[in-house]
Amino acid sequence: MVPLSYYLILSAILFGLGTAGFLFKRNIVTIFMSVELMLNAVNLTFVALSYHFRQLDGQIFVFFVMVVAAAEAAVGLAIIIAVFRNRGSLNVDQMDLMKF
Amino acid sequence: MESNLQLWLIPTVPLLGALWNGLWGKRSSERAVASVAVGAVAVSFLLALRAFFALGDAPYLESYFSWIAAASFQAHFNFYLDPLSAVMALIVTGVGLLIHIYAVGYMSQEGGYYRFFCYMNLFLFFMLTLVLAGNYLLMFVGWEGVGLCSYLLIGFYFRREDAADAGKKAFITTRLGDFGFLIALLMIYSTFESLNYSEVLPAAASLPVESTAGPLTVICLLLLVGAAGKSAQVPLYVWLPDAMLGPTPVSALIHAATMVTAGVYIIARSSALYVHAPQALFMVALVGGITAFYAATIGIVQTDIKRILAYSTISQIGYMVMACGVAAFSAAIFHLMTHAFFKALLFLGAGSVIHALGGEQDIRKMGGLRHYLPRTYWSFLIACLAIAALPPFSGFFSKDPILWEAYVSPYGGILFWLLGILTAGITSFYIFRLFFLTFHGHSKTAVATSSGIHVAEPAHHGVPHESPPIMTWPLMILAALSLAGGWVGIPALWRGGDHWNLFLAPAFRLAALPTEHAVSHDAATEIIFTLASILVSVAGIALAYLLYCRRPELAAAAAARLRGLHTLVLNKYYVDEIYRSLFVQPLVVVSRELLWKGMDAAAIDGSFQGLANRTRRLGDRVRRMQSGNIRSYAGWVVLGAILLISFMVGLAS
Amino acid sequence: MPAWNLTAILPEAILTVVGIVVMLLGSFSSQNQDRGCRTVTLMGLAGATVAVVAQRQHQGAFFDGMFLVDPFGIFFHLLFFLIAALVVLSSADYLQAEKLTVGEFYTLLLFGTVGMGLMASANDLILSFIGLEISSLASYVLVGFRRGVASSSESALKYFLLGSFATAFFLYGIALLFGATGSTRLTQIQEILRNVSGRATAGAAGTVLLPTPSTLSSLAQGPEQFPTALLGLAASLLFVGLAFKVSAAPFQVWTPDVYQGAPTPVTAFLSTGPKAAAFAVFLRVFLVGLEQTADQWSALLWVSAALSMFIGNLAALWQSNMKRLLAYSSIAHAGYMLVAFTAHSVDGTSAVLFYLVAYAVMNLGAFLVVTHLGNRGERYVEMDDYAGLGYRSPLLAACLTIFLLSLIGIPLTGGFLGKFYVFRSALQADLIGLTILSVVNSAIAAYYYLRVMVAMYMNAPERPVPLEPVSSSVGVTLFICAGGTLWLGVFPQSILRLAENAAQWLLGAG
Amino acid sequence: MYPLFFFVFATAAVGFAINLLVQRHPIHSALSLIGVMASLASLYLMLGAEFIAAVQVIVYAGAIMVLFVFVIMLLNAGEEERTDRSRLAKYLGMPLFLVFLVTLATILSRQFSPNSMVQFGDFPGHTADIGRRLFQNFLLPFEVVSILILIAIVGAVVLARKETY
């Protein structure tokens, strides 16, 4: 037996690591993977809470989040490909044509 | 008031004129444009006249349709006619008509003819909406509209960078004031549940006088902020001198006769509120008095003919505001009217001079113009006498009650009277300085032109020439009005009928002083005060005469005539010098160095400029936040999230 | 009641079907393909509008209480359809000039509109989330639609990465709100929180139990068991996600870059449609779901509103690119709306709704002028390119002037009345400081809008920009926008009444 | 037994997540992410969510991550360059991350009582119940999600298509 809060703290840690990945990674694909990590962290929260309330809604939310993540991945990777074609680079630090 | 006056026609006709010229003016001849524009104003004037004569005892209200009908907020399109708005409408259309006629001549060959008349008519539409509006919100519509037109017209010479800047400065400075008005308007609604004058004013009159600052005081102070912005009072006056870059008829119409007096109108309109908020009233008087004195002193040292008149306008409006501040509302409106006459005349005369000299505005380069511009000269002289408040000119009859009320009113005091009388002296001094330098003495321009130093404009044929009749006729009509316009309000003291006060009384019935006059007075005192003010005015003129007219002539004549008189002349000269060093020089130094350069240029103007620069620099720092880097942006998001979370959770625990 | 009900989602259904039809139509290459797509799209929007109007007779909660047909939702639906129709009309020339595929553009626009409609009517956070994702994904693609242009795809990338980043926060907020209350249904959450605070006298912090199913039904354990800190955490995470979407500070960072790089009609769409939809969710979540914690989040709104106004207006002072300028102005306008939101009243909410309509009309108009003048490849979007426009194309300049005056807030325009209601509601809620800040801001804002007007009327062009003739669709759209702006300024009653009705419904006062 | 499993999988998840951050080649990061997902799938099983666990492996680790790997291969992305164009991320990144993490963890740990325990076989729901609930109560989201997928398809085609016409 493990306290429920362990699960939630674990998901908080994963969410935090996801934000850190967004802040520190330079490769666009990896940054996008960090976002996926954040979504996964939220999923863990949903499943844990679903267990806590002994109801299925939480799991159904996860199902929807996964579909959304899949759709997001398709669009996101397409955008990344388009950017790569235009700029020939995947380094996020070079994506600053527009500023100030 | 049985008949339907169709008040909406009064502003609408100029609007139609503006639309016509805006849409088809580009392809029409100048003549067609001018006749549409002038015709529209003339019709509007006749309609205003009809409304004026149809005026009864009770205020007349015309409601057209519901503008905003939310559950919690109502406003209508309605117009309101009482003696106050009738007089204002007459002044606006009447003076507007004369200035339009004048502009027909003045603006020809200026380019953008149709645009000019389009804006002018549009301006009249908004100004008449402002004046005739039956509620504060509709008044605000006119209020913002005139600001917009003023902006368009100041920036009329769009090729001049400084003109465009001046337009922007005017727009933004007055907007600061406008928002005072807007907030006042919202507070009026929350206090009285209405914005209609016909409901707000009686409701305000039934409230007790606020001995400490309450909602009424706040409303009145906010309205004062709005009035100060639009009427160029301290400290929001900085835009008006710069606004003189617009064409002269614009300066005459908007920046002298009508728009800038809107602040006075709104205070007079809200008189029922003000008399119940004595602290606000005191602030009004103070602002007005200080502005009157301060702007007049600056007027002494200016050399640009239009800038002198601009400062003079600020100072004269200060007078009116001060009159409102001592609860002499009908005196304020009286001065507003006479001022509209003589100040419009002064501007148009100045325009005539500038026109004759091919664009020259520096009075040090003028002189002796009375021979070349006789009609302008005489009408200008009448205007100067009127502003210097000499009897029997109109300015005398309107300025004198203000000074008297400043002294006897329960809201006034000796301080305000002193400010007023000092200003009167300075006023007559600077206006005659302008007058003598321009029209008397040697013709400097002609000399300069013949020696080729002054590069003449094409319109300038070496010798200054009088303007065409279409420009001089309005001058003469305005001169007649400046002379006789004050006679409608000759007080009982001078065996007059006091018609003016009686006529306007219904408009200020609700502002009847809640307390009786504290200072008792008799006719003898009043006569003494009047004589004092005349004396001061004459002294100002005499001083100006000595310094700017008499001395150079005497010096020239003395050389040719008797040698024995020379010492006397020298003595005279010596006296002048003493005068100069004792009175004038300190005043000049103080006003130039301290007031104009120190306060006006550095502190107030500078602080506005500084504020603008600081704002821009701040903007530069803010935009550096947008570095364009996605990771930095995510950093901002996380930072914001952390702040939000710690705030929310901190509150919760 | 059956589990599903087609009338409730009829508008969305129509738009989806039409979207698919347009997509198919676009794939057949023919001469009149563009025109056909446009006609079908507009007809679909018209049909959806009719459906929404008919829905007024069938109000209620559908799909197990997830989807609400109420005046609030109907108001937003109508607004979205108007925006979508105007964008369709104004993008025709642009798409042709840029040689972009019309069918897909309109399909994505329609699908995005479906997502926005779902957001406005969703009573369940999961549905809000899905709606948000639908409209966001469609926007991401639309932003990157000019895929051969570096700035366009870079914009799409920025929008996409930061958008999904913010969405993750939003989703985490939903999860934690679910944890705090055991529900994602907004009206249920409201009920639960009311019960809690009804008993609460002093909500003790510290270690508390998560409500279990039994506590949810009876809340027998009392309010001191309620996880207030968790609720605060959830509220702030939701705030992050929604503030990001409405581009309110400090989450506005993406706005200027994305707006600048996106195709101009898409920028117009983004600044009005998805923004309004995000406001709908914002209002529903905070005024319904989290109504009981208003004293906490209203402080957040206060700060966010003030910051948005200042950041938007100050940074706009320096802009010379029209799209970027309007982007910053869009941040500032979000700030004004947040001011009314902060008031937390029927008046404030209806002020937000009215402002959204006024802003949509004037901003779409302004962007349309920018689109038209930009010419092929969006070459002329600098302020200098507007020099002398007042003489070269008086009507175009006059329209832009109307829009700019409305954005400044000059009377007789919708923008003025919008600001007026905002200030009024803020004053009524005793937000005096915030009102003064917003007043100061609208004075600052006048400066940069005036710069455009000065350029148009008072500067001579150094190199005259080529002017394309105004096509009929652009002309009609301009006319609708300019007329609408003035109409809202002079005859605002009808819209205002709708807005008030919606606001009353939302706050349960009507 | 339960705590042991939990800690093993939790440590694995965190370890893989950190590895995602540390690795410089995107392929390594992607593999780490698959590791995180597998660990999470196990945790889902431990929470009684068999269906979600299966979907996690099939859809997430299977389909989505394959897409990632595919794109990485397609673009032939090399090791990432350690550029430092974001001063905010460079100087404030670490503190922000730590503060954020600590705040979240503190709030979550303080809001939950240690009495609320998780153990095997204590969850009543089954996959069939999920299906029923999905098609009754969550019908609208379920249907609407199809639009999302359609957008994804159209979007991917629009954006990734080559400039050929």
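How many helices and strands does chain A have? In this predicted model, where local features need pLDDT of at least 70, side-chain atom pairs count only at pLDDT 80 or more, and totals for chains, interfaces and linings use all residues, chain A has three helices and one strand, with helices (H or I, at least four residues) and strands (E, at least two) taken as DSSP runs numbered from the N terminus. Residues are numbered from 1 along each chain as its sequence is written, while chains are lettered from A and ligands numbered from 1 in the order in which they are written.

Along the sequence, the elements of chain A follow the order β-α-α-α, and its C-alpha trace spans about 50 × 25 × 25 Å along the principal axes. The radius of gyration of chain A is 17 Å, whereas a compact globule of 100 residues would have one near 13 Å; the radius is taken over C-alpha atoms, and the globule rule is 2.2 Å times the number of residues to the power 0.38.

Turning to chain C, Ile20(C) is placed in helix H1 (residues 10-27). Why is Ile20(C) counted as partly exposed? Ile20(C) falls in that class because it has 16 C-beta neighbours inside 10 Å, given that a residue is buried with 20 or more other C-beta atoms within 10 Å of its own, exposed with 12 or fewer, and partly exposed in between, the C-beta atoms being placed from the backbone. Ile20(C) and Val143(C) lie 123 residues apart along the chain, and 20 Å separate their C-alpha atoms.

For the complex, the predictor gives an ipTM of 0.91 and a pTM of 0.86.
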